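Thanks, everyone; I would like to take a few minutes to walk through one model. Please keep the sequence and the structure in view while I talk.

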Amino acid sequence: HEGLFSPLIQNVLVSSFQEQQVRNLRLPNFFIKENHLREKFVLANARVSSSSIYTKRILNSNQIVILFIGVRSGNYDNKGVITAHYILDELANSDVFSIGIGCDDTLPLSLSISALDPADIHQVISASDLTVITSRLETFSMVALESQFCKTPVVFRKSLAPSSFDDSNYLYPAKDDSDRALLDAV
């Protein structure tokens, strides 16, 4: 903790949201360097646009495709595994196809993928109808930024970092931070 206040240390924050969260620490040496889209992710869109991928997918499937990325257990369930279980259980009898990338093995997903490179993530996000962020804390959400880039709607807890993005297109915060509100937003 003392190292944060050393004049030799420069504290790098990944978003203005993170700065708001640590404001009461009164860090003397900090700057904000917000995350940006990965170059390989953007290049994938140049090869085939998100809208083309989505159009092709809806011509071949009437199911609603929802996406979870990086929902893993640990850290007091910060990534929202319990919430993801709750949402998936509630949607079990509906016409929803759920995809998880890098998610906990216990989640009852229709398709679980352990890892993908940025170009393949672009494909999956673009083909999805909705990205669901179940996290309880996000200092910056690359998942939200990439989904927004693909014009895929994103739902998340109201107090999370995507609420502070300058561009709010395709971002849908739940009415509060409860699991029920997140399910209602889905």
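By buried I mean under 20% relative accessible area, with exposed being over 50% and partly exposed in between, using a 1.4 Å probe and protein chains only. This is a predicted model, in which local features need pLDDT of at least 70 and side-chain atom pairs count only at pLDDT 80 or more, while totals for chains, interfaces and linings use all residues. Residues are numbered from 1 along each chain as its sequence is written, and side-chain values use heavy atoms, with hydrogens and water left out.

Ser 141 has a relative accessibility of 2%, and therefore counts as buried. Ser 141 sits in the loop between strand S6 (130-132) and helix H6 (142-149), where helices (H or I, at least four residues) and strands (E, at least two) are DSSP runs numbered from the N terminus. Setting aside neighbours within four places in sequence, Ser 141 is in contact with Ile 133, Pro 162 and Phe 165, contact meaning heavy atoms within 4.5 Å.

Now to strand S6 itself, where we find Thr 131. Thr 131 is buried, at a relative accessible area of 0%, and with sequence neighbours within four places again left aside, its contacts include Leu 67, Val 143 and Ser 147.

How do S3 and S6 pair? They pair in the parallel sense, over 2 bridges, given that pairing requires DSSP to find at least two bridges between two strands; Leu 67 has Thr 131 as its bridge partner in S6.
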